[in-house]
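Student: Hey, can we look at the ligand site together? I'd like to go through the contacts and the shell.

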Amino acid sequence: MKIEQNISLKPYNTFGIDTKAKAYCSVTSVQKLRDVLQNNTKDFFILGGGSNMLLTQDIEALVLHINLKGFEVIEDNKDSVIVKVMAGENWHEFVIWCLHNDFGGVENLSLIPGNVGTAPIQNIGAYGVELKDVFHSCEAMSIANQDLKTFSKEDCQFGYRESVFKQHLKGQYIITSVSFKLSKGIHKLHMNYGAITQQLDDMNISEPTIQDISKAVIAIRQSKLPDPKDIGNSGSFFKNPVISIEHFNSLKTNFPEIPSYKISETEIKVPAGWLIEKAGFKGKRFGDYGVHNKQALVLVNYRDAKGSDIYKLALLIQKTVKRLFNITIETEVNVI
Ligand code: EPU
């Protein structure tokens, strides 16, 4: 097992932050993963697609880069399939593979950066669909004893950008593969998100296929979200906060135009992007970093920004939103 020293992590995180791994190992098989866990007593840092992290310092732990590859149809039924995908596959390449095979369910999740193995950790979601809607099960290796365990959907305790892997099992398991239940033949389309119907109209499509939905989602994402290949970023930096109806009503007096989504009889979700824009940060640039000009929820690295500077900006945004609206916005991205 080759362990390299002092490796720059810039190519391995979508924010494009140039910090170093003191020790780095690319893991290409489940057996190699077991070996490296057994033969090293150091702390481990698990790296997937690097799309949901802000690196503010060098990593002292041994970085294990999960590069397990492969797709397999493990169950083929009349109306559905179950496919097993190894953790190191790129998420969007998996979506393209599904569309190519006419397997439905992940088309609304087109173009999300990151890898398949890290998608369940934060229950990725976009345009009315979350990973949990197509999740069947996943396999994960215990860091402590190297046993492989299968987690069902219930075991994963999915929530909004949440799962058991971010909560009480944090740091204990490495996901090695994820299995998805996808539709075959007849697909259930998810078009309740206004922007999708609008985009399909603009494309003159009245009877969309899953491939059309993917094209619409890609067009919407490209119009709002920066491509990490051009501008470093980690997607939404913050989660959308949930507040009480009373709090929402008091804000509505001063800001009648505040957008909202009802969660329950007592709670309302408000878009953090709107709060950050109202706080005056949208499109603000501070040298090499700033807030994206088309979606205020996204912090960006234009060139060679330091993770710690971007983090300082995040703290300033949180403080300002708290002062103006009395709302605490939590980070969605893991700050390391
Ligand atoms: N808005 C503004 N200004 C902004 C951005 C948004 O006023 O700069 C308001 C608009 O009123 C808009 C509303 O916020 O109607 C919602 O915006 P958008 O549809 O862009 O969605 P979002 O709530 O900001 C969430 C996810 C995205 C996902 C989109 C689409 C979170 C934290 N983010 O963003 O996920 O793509 O919905 O479903 O839930 C990600 O997690 O990295 C991500 C990009």
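Student: How far is the side chain of Arg161 from an oxygen atom of the ligand?
Tutor: An N or O atom in the Arg161 side chain is 2.8 Å from a ligand oxygen, where a polar contact is a pair of N or O atoms within 3.5 Å. This is a predicted model, where local features need pLDDT of at least 70, side-chain atom pairs count only at pLDDT 80 or more, and totals for chains, interfaces and linings use all residues. Residues are numbered from 1 along each chain as its sequence is written, and side-chain values use heavy atoms, with hydrogens and water left out.

Student: And what about Tyr160 and Gln295?
Tutor: For Tyr160, a polar side-chain atom lies 2.7 Å from an oxygen atom of the ligand. With Gln295, the distance from a side-chain N or O atom to a ligand oxygen is 2.9 Å.

Student: How much of the ligand does the protein bury?
Tutor: The protein buries 81% of the 830 Å² that the ligand exposes when taken alone, with areas from the Shrake-Rupley method and a 1.4 Å probe.

Student: OK, switching to the shell. Which residues come nearest?
Tutor: Tyr127, Tyr160, Tyr193, Ser236 and Glu277 do, out of 24 residues around the ligand (a heavy atom within 4 Å).

How values were computed. Polar contact = N/O pair within 3.5 Å; in protein donor to acceptor, adjacent residues only side chain to side chain.
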